[in-house]
Amino acid sequence: MNRTTLSLIAGVTALAAVTGFAAVSSPDAGATDEPARAAAHLPVERTSLLCPQPSTSDLAETTYTSFTPVTEGTKNEGKAELRPTAEAPEPDGKGDEEAGGGEGEKGDEEAGDGEEKDGESGKDGRGGKDVLKPGEPGKPVTGDTSGGEAPALIGTAEGRFAPGWTVQQTTEVAAGTGRGLHGVACTPADTEFWFPGASTGEDRTDYVHLTNPDDSAAVVDVELYGKDGALKTTVGEGITVRPHSAEPVLLSTLTEEKQTDVTVHVVVRSGRVGAAVQALDDKLGGDWLPASADPSGSLVLPGIPEDATAVRLVAFTPRDADADLTVRLASPSGLITPAGHETLHVKGGMTAAVDLGDITRGEPGSLVLTAPDGSVPVVAAVRVLRGKGEKQESAFIPAARPVGDRATAVDNTAKGTTLAVTAPEGTAEVKVTASAGTKGGTPASKTYTVKSGTTQNIEVPAPSGVKGTYALTVEPEAGAPVYASRTLAATEGGVPFFTVQPLPDDRGTVAVPEAREDLSVLQKQR
């Protein structure tokens, strides 16, 4: 192997560790019969996450929680930080040029000067200061803010803090439109997102939040699809998101059509953004609607609460062809077909919806959707209601990616947390680890068996002497793929506040090609 090839492999290995993706072909690969060797899995060296502007309500109380699970093979050094965007725009999408940016340089100098103790940073992100700075992997850290002026956040983690870095943004709004518990896991930037379950109806005030982490502007198209196809939009194309800034776009300003069920498609023409939909209802509270998993012929929507009083399924296919989705519920006893809702017909390019009622009937469950032969890709989400009458609250569960190697949910408490795990394709074993708390405690782990086709609410291991909130890390150990979600719940004034977050793979490691020769030996021969 020549020096060019060695340099290529070394460069791709470094790139993969940083970005999470790389591919390489050796120049002489076609001239050898040596079988390909298994790729090595190395911890990523850098991770970035984006958190949307939490709320515009003066009553909002927001907690940010950061956690990195302990990962073998990481270096001792590293850092992680969450900092505000250059400006926090008003909800009409027009930013105040002076908001949050005037003290940026000063904030850089002051960030982290304040004493952090008991897992709390005490920073709120205003004036360019860090919201929080993690102390060490394996221990969660929190930061708080209040009111409706908190900006969107851009987070970066390097070295030992990067693999599996997880940040949760949880906001409680006591009253008003969208009152309730709004929870969202901060996510990496991307170039395409699907949000079935949004609305431009009279009772809804839905925003799509766009956050640009980069040094150059991003240009974004927002497409809306209703029950009859694409909605006519006026300003949905070519939305500019300035560098290091955020734009909340009110969906009802993009179209004059009022529709209960809308699928939002965010496509980035240039650059990349983070995207999330905040759905606020006049009567049914509100929550964040995360992006659905990529369009697929088979989808899993994990962790519908056992006390759900109403479940509404919304689905969309971007293809011209129609899809007759088979609808099944993974219950604690196995897969069942809900009577009267065996299938959902989804027309190509049109949003379809159906009310499934109290489908879980007092037991935890997950929806499993399949198209015939998996030939027509679909995206989907459900809106879940808890409570009755005027004391109802809503949350959303999108189709989720599998847990993969590892996934983490943070901001958990002993009484208000439910972890649901489903294995629709076969029996699986998963290890669940509860971390130390933000204010102390000892981690605890336990392994569970999830039977094929079932959903199980896990009785999570309690950390010994835990104080504050803690992280839950799920690691499949054997068997079929698993899907998971975590529910946070609290009752305020008789209203059952809750929020649900899926647990996709944390992408903490990356596969890199194994060198065919010992590079250290060749180095010594030079």
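## Aromatic pairs

Rings of Phe, Tyr and Trp, the last taken by its six-membered ring, count as a pair if their centres lie within 6.5 Å. With that in hand, welcome to this predicted model, which holds three aromatic pairs. One of them brings together tyrosine 225 and phenylalanine 316, whose ring centres are 4.8 Å apart. Their planes meet at 40°, so the pair is classed as tilted: planes under 30 degrees apart would count as stacked, and those over 60 as edge-to-face.

This pair links distant parts of the chain. Tyrosine 225 belongs to strand 11 (residues 218-226), while phenylalanine 316 sits in strand 19 (residues 310-316), and 91 residues separate the two. Both tyrosine 225 and phenylalanine 316 are buried.

## The disulfide

Next come the cysteines. The model has one disulfide, which connects cysteine 51 with cysteine 186 at an S to S distance of 2.0 Å. If you like to look at torsions, the angle about the S-S bond is 110°, and the link between cysteine 51 and cysteine 186 is right-handed.

Cysteine 51 is part of strand 2 (residues 46-51), and cysteine 186 is in the loop between strand 8 (180-185) and strand 9 (192-198), so the bond ties together parts that are 135 residues apart in sequence. A residue counts as buried under 20% relative accessible area. Cysteine 51, with a relative accessible area of 0%, is therefore buried, and so is cysteine 186 at 8%.

Strand 33 (residues 483-492) pairs with strand 28 (residues 417-422) in the antiparallel sense, over six bridges.

## A charge over a ring

One more contact is worth a look. Arginine 386 lies over the face of phenylalanine 498, at 5.0 Å from the ring centre.

Notes. Residues numbered from 1 in each chain as written. Predicted model: local features only at pLDDT ≥ 70, side-chain atom pairs only at ≥ 80, totals over all residues. Heavy atoms only, no water. Pairing = 2+ DSSP bridges. Helix = DSSP H or I, 4+ residues; strand = E, 2+ residues; numbered from the N terminus. Buried < 20%, exposed > 50% of the residue type's maximum accessible area, 1.4 Å probe, protein only. Lys NZ or Arg CZ within 6 Å of the ring centre and 35° of its normal. Disulfide = S-S within 2.5 Å.
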